[in-house]
Amino acid sequence: MHGEYKVPGGKLVVVDLEARDGVLTDVRVAGDFFLEPDEAILAIDRALRGAPVDTDASGLAARIDAALPPGTEMYGLTTEGIGVAVRRALAHATDWTDYDWQLIHEPPRSPALHMALDEVLTTEVAAGRRPPTLRVWEWGAPAVVIGSFQSLRNEVDPAAAERHGIEVVRRISGGGAMFIEPGNTITYSLSVPGALIQGLSFTDSYAYLDDWVLGALGDMGVKAWYQPLNDIATDAGKIAGAAQKRMVSGEGAVLHHVTMAYDIDADKMTDVLRIGREKLSDKGTKSAKKRVDPLRRQTGLPREAVIERMIGTFRDRYGLTEGGVTAEETALAKELAASKFATEEWTARVP
């Protein structure tokens, strides 16, 4: 069995192993990381041999930690990352480069239709009728997108939303509310086969699916990292929030979508969103305006250039061909938008 895992912000870990009678055997760890002293790699292999196959990544890391020679130093590598690579080998996880990725970047859509497209395209990936897809959104109208389980009345001031001409929609994934203005927002979705994240914890899958965009931001001079569970942050503040939804139909697929603040009208945002003091206090800030630091200021680049650089990074890493939403997918999404995402019943399902 073979497993690979790129440690977020680090290097690639590769594990080849066999399992017999419920335990790991013939384990070999490799990768482009740095490790001192040399004999530490042999200690890692020995520590993993004999481990029960149902040991989680943390348990595997603990075995390794106990076996490492005194003074061991790791660069681009963590014992937890080795444990994840082992779990991915046992789960027969796939890699990014095992797929032919398709890019969808089309003209603006309404907020409700964007919600529907996420569900339709990811369902199609789960059924094997569509390749894994990176979709970059263009917004047809300003919106507030609330999480699947959020209370509508607790999150949004309806009078302020109406006054500013802002549509409120609910997505199928969890997480918090997102304030959207077409020229100030960068949003993308990944619709990926479930096999790509096999062996990863729910938390680890967030950083894993967005490692490429952290690389893209780094190339633009923005040092960013994942702030668990679902924020992309910099020293200057949060720049993005992510959310996921697991689809169980067919082979299974995962919807992972991210909204990034390119620019922001903070006064309008705080007028429309009911952001309570308790929520702000756990972020260590006194004002919602200070929580978000837009990409426009940090990169100095036009929005279109930021998107182009992001797409380029994905293409360089994993390959990416131009595609589009099919006529059948469009019809399904329009029907779903009308029957679900544009309805008061769905939007207010948690009043």
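Colleague: Hi! Let's start with Ala 112: buried or exposed?

Modeller: Ala 112 is buried, because its relative accessible area is 5%. Buried means under 20% relative accessible area, exposed over 50%, and partly exposed in between, using a 1.4 Å probe and protein chains only. This is a predicted model, where local features need pLDDT of at least 70 and side-chain atom pairs count only at pLDDT 80 or more, while totals for chains, interfaces and linings use all residues. Residues are numbered from 1 along each chain as its sequence is written, and side-chain values use heavy atoms, with hydrogens and water left out.

Colleague: Thanks. Where is the place of Ala 112?

Modeller: Ala 112 belongs to helix α4. Helices (H or I, at least four residues) and strands (E, at least two) are DSSP runs, numbered from the N terminus.

Colleague: And which residues is Ala 112 in contact with, leaving aside neighbours within four places in sequence?

Modeller: Those are Glu 167, Val 169, Ala 337, Phe 341 and Ala 342, where contact means heavy atoms within 4.5 Å. Thr 343 is 231 residues from Ala 112 in sequence, yet their C-alpha atoms are 9.2 Å apart in space.

Colleague: Let's go to the sheet. In what order do its strands come?

Modeller: The open sheet has 8 strands, ordered β12-β13-β14-β15-β11-β7-β6-β16, with mixed pairing. Two strands pair if DSSP finds at least two bridges between them.

Colleague: Which strands stand at the edges?

Modeller: β12 (225-227) and β16 do; each has a single partner strand, so one side of each lacks a neighbour in the sheet.

Colleague: How many bridges join β6 to β7?

Modeller: There are 4, and β6 (residues 102-105) and β7 (residues 133-136) run parallel. Between them, the chain passes from β6 through helix α4 (residues 111-126) to β7 in a right-handed β-α-β crossover. Right-handed means that, with the strands pointing away from the viewer, the path from the first strand over the helix to the second runs clockwise. Leu 103 stands opposite Leu 134 in β7, and Ile 104 has Arg 135 as its bridge partner there. β6 also pairs with β16 (residues 321-322) in the parallel sense, over 2 bridges.

Colleague: Which strands does helix α12 touch?

Modeller: Helix α12 (residues 303-318) packs on the sheet and touches β6, β7, β11, β15 and β16, with its direction at about 20 degrees to that of β11. Axes are lines fitted to C-alpha atoms, for helices over the stretch in contact, and angles run from 0 to 180 degrees between N-to-C directions.

Colleague: New topic: how many aromatic pairs does a search of the whole structure find?

Modeller: The search finds 14. Rings of Phe, Tyr and Trp (its six-membered ring) pair if their centres lie within 6.5 Å; planes under 30 degrees apart count as stacked, over 60 as edge-to-face and the rest as tilted. Tyr 99 and Trp 101 are edge-to-face, at 6.2 Å centre to centre and 80 degrees between the planes. Trp 101 has a relative accessible area of 1%, so it is buried. Trp 212 and Phe 314 have ring centres 5.1 Å apart and planes at 85 degrees, so that pair is edge-to-face.

Colleague: Last one: which side chain does a polar contact join to that of Ser 191?

Modeller: The side chain of Thr 122, at 2.8 Å. A polar contact is a pair of N or O atoms within 3.5 Å; within protein, one must be able to donate a hydrogen and the other to accept it, and residues adjacent in sequence count only if both atoms are side-chain atoms. Ser 191 sits in strand β11 (residues 185-193) and counts as buried because its relative accessibility is 3%.
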